Amino acid sequence: MISKEEFMEILEGNRRLTIRTMEAFPEDKLFDYAPVEPLRPFAEMVKEILNVERAFMRGIARDDWEYKDVFSEVSTKADLLSACEKMRGETREMWSSVTDERLAEMKEDPFFGAGQQSHIERLQYALENEIHHRGQGYIYLRVLGIEPPAFYIR
C-alpha cells in the first residue's frame, strides 16, 4: 500500500507530463486538431481531465458532488496551462484535509455509473483517464510529426 503522499506524487508526476505534452502542441493544433471523427482535440481531453479532477476532489474533500464543465471557455494554450496549475493547486489544498479513512470510504459513483467505489478508486480512475488521454495526445503529436516528451521523465 502506498501512502497518501506517495499517491499525490504519482498524480503530480503525471500532471507534469501532461503539461509537457500540451506544451509540445502548436497552439492551433492543441485546440483544433483531431486525426479522425469522433476523436476530440487534445485541449478538449485536458479540459475533461480537469473537470473530473475537480468533481472528484470536491466530492471527496468537501462532500460537494457536482460534475460541471468549468473549463469550457478556455481557448488558448496559456489559459489551459494556467487552468492546469490552478486546478492542481486546489487539489493540493483539499488533499491536506483528506484522511486515509476518507479515501477508503465506499460510495455509489455519482457521475459515471461505475457502482460502488472507494474514494481512492475514484482517484485512480481519474489518473487512468489522464494517462489514457495523454496517450492519445502522444499519437496526435506523432501524426503531426512532433516528437512527444519522454514519458519516463516526470
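So, which residues form one aromatic cluster here? They are F56, W65, Y67, F111, F112 and Y125.

Before I go on, some housekeeping. Residues are numbered from 1 along each chain as the sequence is written, and side-chain values use heavy atoms, with hydrogens and water left out. What we're looking at is a predicted model, where local features need pLDDT of at least 70, side-chain atom pairs count only at pLDDT 80 or more, and totals for chains, interfaces and linings use all residues.

Okay, aromatics. Rings of Phe, Tyr and Trp (for Trp, the six-membered ring) pair if their centres lie within 6.5 Å; planes under 30 degrees apart are stacked, over 60 edge-to-face, and the rest tilted. By that rule we get 12 aromatic pairs. Take Y33 and Y140: the ring centres are 5.7 Å apart and the planes sit at 85°, so this one is edge-to-face. The pair links distant parts of the chain, with Y33 in the loop between α2 and α3 and Y140 in helix α6, 107 residues apart. Helices here are DSSP runs of H or I with at least four residues, strands are runs of E with at least two, and both are numbered from the N terminus. Both tyrosines, Y33 and Y140, are buried; for burial, read under 20% relative accessible area as buried, over 50% as exposed, and in between as partly exposed, with a 1.4 Å probe and protein chains only.

Now back to the cluster. Y67 and F112 also form an edge-to-face pair, 5.7 Å centre to centre with 75° between the planes. Y67 is in the loop between α3 and α4, and F112 is in the loop between β1 (106–108) and β2, so the pair ties together parts 45 residues apart in sequence. Y67 counts as partly exposed at 35% relative accessibility, and F112 is partly exposed too, at 40%.

Next, the inside. What are the residues with the most contacts inside the largest nonpolar core? They're M22, L30, F42, L50, L80 and L123, in a core of 34 residues. Elements giving two or more residues to this core are α1 (4–24), α2 (27–32), α3, α4 and α6 (119–143). The largest share, nine residues, comes from α3. A core, by the way, is a set of buried Ala, Val, Leu, Ile, Met, Phe, Trp, Tyr and Cys residues joined through side-chain atoms within 4.5 Å. Leaving aside neighbours within four places in sequence, L50 is in contact (heavy atoms within 4.5 Å) with R15, F71, L80, A83, C84 and M87.

R15 brings me to charges. A salt bridge is a side-chain nitrogen of Lys or Arg within 4 Å of a carboxyl oxygen of Asp or Glu, and by that rule the count is 14. R15 forms one with E130, the closest N and O atoms being 2.9 Å apart. That links E130 in helix α6 to R15 in helix α1, 115 residues apart. Buried or exposed? E130 counts as buried at 4% relative accessibility, and R15 is buried at 3%.

For a local example, E44 bridges to K47, with the closest N and O atoms 3.2 Å apart. Both lie in helix α3, three residues apart, about one turn of the helix. E44 is partly exposed at 33%, whereas K47 counts as buried at 5%. As for networks, bridges with shared partners join E12, R15, E53, E85, R88, R92 and E130 into one.

Last stop, the tail end. L144 is in the segment after α6 and is partly exposed, at 26% relative accessible area. Not counting residues up to four places away in sequence, L144 touches F25, K29 and Y33.
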